[in-house]
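Biologist: Hi! Could you walk me through this model?
Modeller: Happy to, let's bring it up.

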Amino acid sequence: MIRLGVVVIVLTLAAVRPARAQSYPPITSRAYAIDLYDGVAIGNTDMVGMGGAGAAVVLGTAGVVMNPSAMAVRPTTDNDRWSLDYHLDFLTGQYSSDYDNNGQVASGGASLITGGFGGRIGNWGAAATSVVQQAPVVGSSLTANALRVRFVLARWIPQIDLAVGGGLQVAGFQIVPPSGPALFTITGRGLVAGATWLPHGESFRLATALDGGIDGGELAADRCDPADCMGYILPARARAPARLVAGGAYRWAATAWNQQVQTPFRDERSLTLAADVVVTGATASGAGVEAFGMHELQPSGRHTVVGVRGGAALEYLPGRLRLRGGSYWEPGRLDGVGGRAHATFGLDLRVLAFQLFGERRGRISLTGDVADRYRNLGFSIGFWH
């Protein structure tokens, strides 16, 4: 497992190519929309460490970031009538030189916090999750802020071993100068849905999730002329594309994966493989935010793109150490820039055990995501599950 991860990272770094700085036409009108697209792995340390493949394997509020049905899938050690779940993870891409793969080399990248809180009563689950992202806009003194919040309701249907979920996603986006109010703020909403099938007594799981497209509507700036706001011609709209995810996972261990166990922890050596295919739709009149900072129009999202993600998790020392590794293809989204391969890695280390309404274990987690002109690191403290 460790050797495999090293090989993947070496091959990725060997394929590093210098970014091609290009010039694009100047922005002369407001007839364009900012494309709110994320092609990189986003989520908790489990998801990022496994190459972003989490639709069928990451549970609870962390899984809801990708698949709304994750809140209705019980951990195999959860035998209570009700339970609570939460997560809080921090990722930083400040060591990247081209965080969003737009082809322009610059220092710094996005900082991202994802968190959520939810609960389950019987076969019903509900959760609220958020992803907060902040990044400098290349070639300017501006900062781009993005926020996505999900409210989902999920249900486990035991007769067919299926979890389903759906809800509402709200997205907000703003461009902020070094001082003073934002150039503009725009929000929109769309529907999300998902399902996970885990047949009882088997060791595989299948999942799918759909995010509806979000159109923030007509942009209006209260404090300046949208056609000349601090020298910028503001976009007419901001749009988040529709996204379809299909994934699966398989676990090798001494016992079948899809069954409840009566112990508080499932301490057994295991290997879990997961893979996702992510299809992201086109964005009408889409343009990249980085080029906007340089007063240029770089087309973005003019075509549907497909990304492939895969990874593995090894419980190397049962109840003490988990190792993760993976890779994924980030498709080219912006005009003139191709896709790139990523290598990911991570680990969970149990650091203490104590009694708090039953036996508890604390853990620390580290994760990383490496690609051409891209470095993303994450750290988390929480409970061992």
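Biologist: In what order do the four strands of the open sheet come?
Modeller: This is a predicted model, and in it the order is β9-β10-β1-β13, with mixed pairing.

Biologist: Which strands stand at the edges?
Modeller: Those are β9 and β13 (286–287). Each has a single partner strand, so one side of each has no neighbour in the sheet.

Biologist: And β1 with β10, parallel or antiparallel?
Modeller: Strand β1 (residues 33–35) and strand β10 (residues 237–240) run parallel, joined by three bridges. Ala33 stands opposite Arg237 of β10.

Biologist: How many bridges join β9 to β10?
Modeller: Two bridges, and here the strands run antiparallel. Strand β9 covers residues 214–215, and Ile214 has Ala240 in β10 as its bridge partner.

Biologist: Changing topic: which residues form the nonpolar patch on the surface?
Modeller: Trp82, Leu84, Tyr86, Phe117 and Ile121 do, and together they have about 640 Å² of accessible area.

Biologist: Which elements give two or more residues to that patch?
Modeller: Strands β2 (82–92) and β3 (111–121) do. The largest share comes from β2, with three residues.

Biologist: Where does Ile121 lie, and why does Ile121 count as exposed or buried?
Modeller: Ile121 is in strand β3. Its relative accessibility is 57%, and the cut-off for exposed is over 50%, so Ile121 counts as exposed.

Biologist: Great, thanks for the tour!

How values were computed. Residues numbered from 1 in each chain as written. Predicted model: local features only at pLDDT ≥ 70, side-chain atom pairs only at ≥ 80, totals over all residues. Heavy atoms only, no water. Pairing = 2+ DSSP bridges. Patch = residues over 30% accessible without salt bridge, like charges linked within 9 Å, V, L, I, M, F, W, Y side chains within 5 Å. Areas by Shrake-Rupley, 256 points an atom, 1.4 Å probe, with all protein chains shown as cover. Salt bridge = Lys/Arg side-chain N within 4 Å of Asp/Glu carboxyl O. Buried < 20%, exposed > 50% of the residue type's maximum accessible area, 1.4 Å probe, protein only.
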